[in-house]
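Please keep the sequence and the model in view while reading.

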Amino acid sequence: MSANPASATTEEPSGSGFRIPKVPFWAQIVAGLVLGVLLGWLARSQDIDWLYTTLDKVGHIFVQLLKLAVAPLVFFAILVSITNLRKVNNAARLAGRTVLWFMITSLIAVAIGLAIGLITNPGSGTGLTPKDGKLPEHAGSWLDFLTGIIPQNVISPFTELNVLQIVFMAAVAGIAALQLGEKAQPILNLSEAVLELLQKALWWVIRLAPLGTIGLIGYAIADYGWDLIGKYATFTADVYIGCALVMFGVYPLLLATVAKVSPLQFFKGAWPAIQLAFVSRSSVGTMPVTQQVTERLGVPKEYASFSVPFGATTKMDGCAAIYPALAAIFIAQIFDVQLGVGDYILIAFVSVIGSAATAGLTGATVMLTLTLSTLGLPLEGVGLLMAIDPILDMMRTATNVAGQALVPVIVSAREKILDHDKYNSASASPVDEAEVRDTEQGRVPVPA
């Protein structure tokens with residue numbers, strides 16, 4: 001646990017032994033969750049309009065601050081991560097193994113989603129009908145996905161926050177920089193400096209996560225209420241159970257058998273990122289924390305700086321595997337459409353190949369519409385799930401981020417580049433340790 005920030009910058013009054021206890025960041029998040037639930041219940045049960053509005057604004061501002069950094073953060077993170085591969089031995093092999101394990105874990109996740117959906121029949125007994133559905137504002141198709149990768153100009157992807165196009169431009173720029181060699185070094189130095197600046201600014205936003213938690217959780221409870229959740233009880237439980245099975249069942253099994261490391265130690269080190277992902281509902285917004293905990297778990301920095309940004313935009317076991325599998329079964333049952341073995345294979349294919357469509361932002365609507373259009377299911381079914389989406393997205397994103405930290409650990413262990421001493425000692429919150437570093441350098445940390 002880090003020292004009291006005030007004690008590092010000012011002397012304590014003589015004769016005073018009192019010191020304000022430092023509250024760990026994870027405890028601040030948990031307190032925000034509890035307080036958010038209580039305030040949300042109070043706002044809904046007592047019909048307190050000003051509290052409802054306040055919770056909405058607090059949560060909205062926190063998400064907007066995260067989104068503000070998304071476009072430049074993704075661009076420079078991907079660009080720098082690609083160029084950093086030149087510092088890694090067997091870079092092509094590491095990149096290939098990373099993609100392979102992304103696909104393997106996604107396939108396992110979608111299989112679990114399908115199995116749970118077939119066992120529980122989440123669309124039965126809900127009282128929902130096709131009339132309750134409505135077409136989404138934005139639908140995805142394979143043609144849109146493929147043609148939408150290439151931007152029409154270099155400005156609109158940033159103004160419209162099209163992360164997939166930003167990734168494409170960053171990848172092209174990174175590969176071009178590798179080809180240019182020393183001539184591109186000034187650009188790389190600038191990119192690394194800008195990336196550090198963005199990550200520093202995002203750390204300040206992350207410190208506001210406890211307040212954002214109160215707003216986001218409180219608004220969800222106040223707006224949706226338990227009655228609405230009751231209609232989707234089976235589906236909601238399926239998503240949470242499916243994500244939990246992957247995160248706390250499949251991942252520990254892979255760590256113990258494939259990486260041959262302690263699963264408990266992984267969660268001890270990765271928990272700050274998983275916790276923040278649950279609150280923020282943004283893989284990209286959580287990326288600086290994910291990369292820091294991944295490095296703290298013993299993954300070499302040069303490899304982590306490639307695998308984590310790459311995973312934050314493409315590795316989505318929650319949003320792109322478990323959720324669309326369950327949602328497709330749910331919607332098919334509401335619209336009385338029979339799915340066959342071929343349809344389930346298509347769901348698995350879309351989940352493994354098309355996960356980049358989720359692009360690390362809150363929500364998985366594009367991925368769901370891509371799955372439904374591939375299966376020929378009515379896109380109006382998306383409207384059935386929009387009301388409950390924020391509640392589901394918290395667990396989905398937490399699973400995404402856990403997988404984004406897991407794969408680099410597995411690959412590093414298999415390639416014998418994992419620092420086992422660092423892995424076995426990883427435990428502290430990266431936010432708390434960042435405070436210690438800032439304090440030791442004479443800077444006062446930003447308060448929560």
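Is the crossing in which H10 passes H14 left-handed or right-handed? H10 passes H14 in a right-handed crossing, a crossing being right-handed if the near helix is turned clockwise from the far one by less than a right angle, and left-handed if anticlockwise.

## Basis of the model

This is a predicted model, in which local features need pLDDT of at least 70 and side-chain atom pairs count only at pLDDT 80 or more, whereas totals for chains, interfaces and linings use all residues. Residues are numbered from 1 along each chain as its sequence is written, and side-chain values use heavy atoms, with hydrogens and water left out.

## H10 against H14

The axes of helix H10 (residues 233-259) and H14 come within 10 Å and cross at roughly 145 degrees.

## H4 against H14

Helix H4 (residues 91-120) packs on helix H14 (residues 318-334) at an angle of about 30 degrees, with the axes 7 Å apart. H4 is therefore roughly parallel to H14, a term for angles under 35 degrees. The crossing of H4 and H14 is also right-handed.

Helix H3 (residues 49-84) has 36 residues and spans 51 Å from first to last C-alpha, close to the 52 Å expected at 1.5 Å a residue.

Key
Axes are lines fitted to C-alpha atoms, for helices over the stretch in contact, and angles run from 0 to 180 degrees between N-to-C directions. Helices (H or I, at least four residues) and strands (E, at least two) are DSSP runs, numbered from the N terminus. Angles under 35 degrees count as roughly parallel, over 145 as roughly antiparallel, 65 to 115 as roughly perpendicular and the rest as oblique. The expected span of a helix is 1.5 Å times one less than its number of residues.
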